[in-house]
Every structure is written in C-alpha cells, then in structure tokens.
Amino acid sequence: MHLRGKVSPGNLSVLTLGWMDANQRSLGFSTMRLPERIWNEWITLAHGAPPPAGARWVGIGIRIEHQTGDDWIEVRDFSLNK
C-alpha cells in the first residue's frame, strides 16, 4: 500500500492483516505498528510475512488511536502479491 501522514509519539497506528481459509474461518492476524515519523510524500509500505498455510481471504485494516491534533494518515493502493 501507499501511505503518507504524520504519526506522533504516543499515537498508535497499526496495519493489520486478518487471514481466513476457503470457508472464511480465521487463521489469525499479523500486525505491523507504524513508526513515529512524518511522511510528506507517498511511500510504499510492505508487510513481508507470508500468509499462513491455507489462506484464501485477507482483510486489511488500519487502526489509529491516541491521535494528537495534527496527526493524520492517508492510505491508497492496497495490493497483494504472491
């Protein structure tokens, strides 16, 4: 995915992938916390872990908690590669 924004100290911003099998039963989650930083330009954010065995579906989410007044995040272009 592509991301830009500002993550301040104390802000909790997390990319979460939720994996499911062919019957849409949960196979677990993988998460990646975004570091404290300012990205004025678009960057490519990649999650390098392979999916669990039997994964056929994935849910993608961004959770943001404890934002300060000038924190923000914008994401686009979610994609999956084998």
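The chain has six strands and zero helices, so in this predicted model the order of elements from the N terminus is β-β-β-β-β-β. The C-alpha atoms fill a box of roughly 40 × 25 × 15 Å along the principal axes. Of the 82 residues, 26% count as buried. Among contacts between residues at least 6 apart in sequence, 73% join residues at least 24 apart.

**Sheet**

- Three strands form an open sheet in the order β3-β2-β5, and their pairing is antiparallel.
- The edges are β3, residues 26–33, and β5, residues 57–65, each of which pairs on one side only.
- On average, neighbouring strands of this sheet are turned by 20° against each other, direction ignored.
- Strand β2 covers residues 12–20 and pairs with β3 over seven bridges in the antiparallel sense.
- Within this part of the sheet, V14 stands opposite R33 of β3.
- In general, the strands of a sheet pair through backbone hydrogen bonds, either parallel or antiparallel.

**Nonpolar core**

- Seven residues make up the largest nonpolar core: M1, L3, V7, L15, L34, W39 and L45.
- W39, one of these core residues, is in contact with L3, R4, G5 and V7 when its neighbours within four places in sequence are left aside.
- Two of those contact partners, L3 and V7, are also listed in the core.
- Nonpolar side chains tend to be buried together in soluble globular proteins.

**Aromatic rings and charge**

- Zero aromatic pairs are found in a search of the whole structure.
- The ring of W42 has the charged end of R76 over it, 3.9 Å from the ring centre.
- R76 is in β6, a strand that spans residues 72–76.

**Loop residues with positive phi**

- Q24 lies in the loop between β2 and β3, and its phi is near 60°, a positive value in a residue other than glycine.
- H66 lies in the loop between β5 and β6 and has a positive phi of about 60°, although H66 is not a glycine.
- H66 counts as exposed because its relative accessibility is 58%, and the exposed class is over 50%.

Terms used:
Residues are numbered from 1 along each chain as its sequence is written. This is a predicted model: local features need pLDDT of at least 70, side-chain atom pairs count only at pLDDT 80 or more; totals for chains, interfaces and linings use all residues. Side-chain values use heavy atoms; hydrogens and water are left out. Two strands pair if DSSP finds at least two bridges between them. Helices (H or I, at least four residues) and strands (E, at least two) are DSSP runs, numbered from the N terminus. Axes are lines fitted to C-alpha atoms, for helices over the stretch in contact, and angles run from 0 to 180 degrees between N-to-C directions. A nonpolar core is a set of buried Ala, Val, Leu, Ile, Met, Phe, Trp, Tyr and Cys residues joined through side-chain atoms within 4.5 Å. Buried means under 20% relative accessible area, exposed over 50%, partly exposed in between (1.4 Å probe, protein chains only). Contact means heavy atoms within 4.5 Å. Rings of Phe, Tyr and Trp (its six-membered ring) pair if their centres lie within 6.5 Å; planes under 30 degrees apart count as stacked, over 60 as edge-to-face and the rest as tilted. A charge sits over a ring if NZ of Lys or CZ of Arg is within 6 Å of the ring centre and within 35 degrees of the ring normal.
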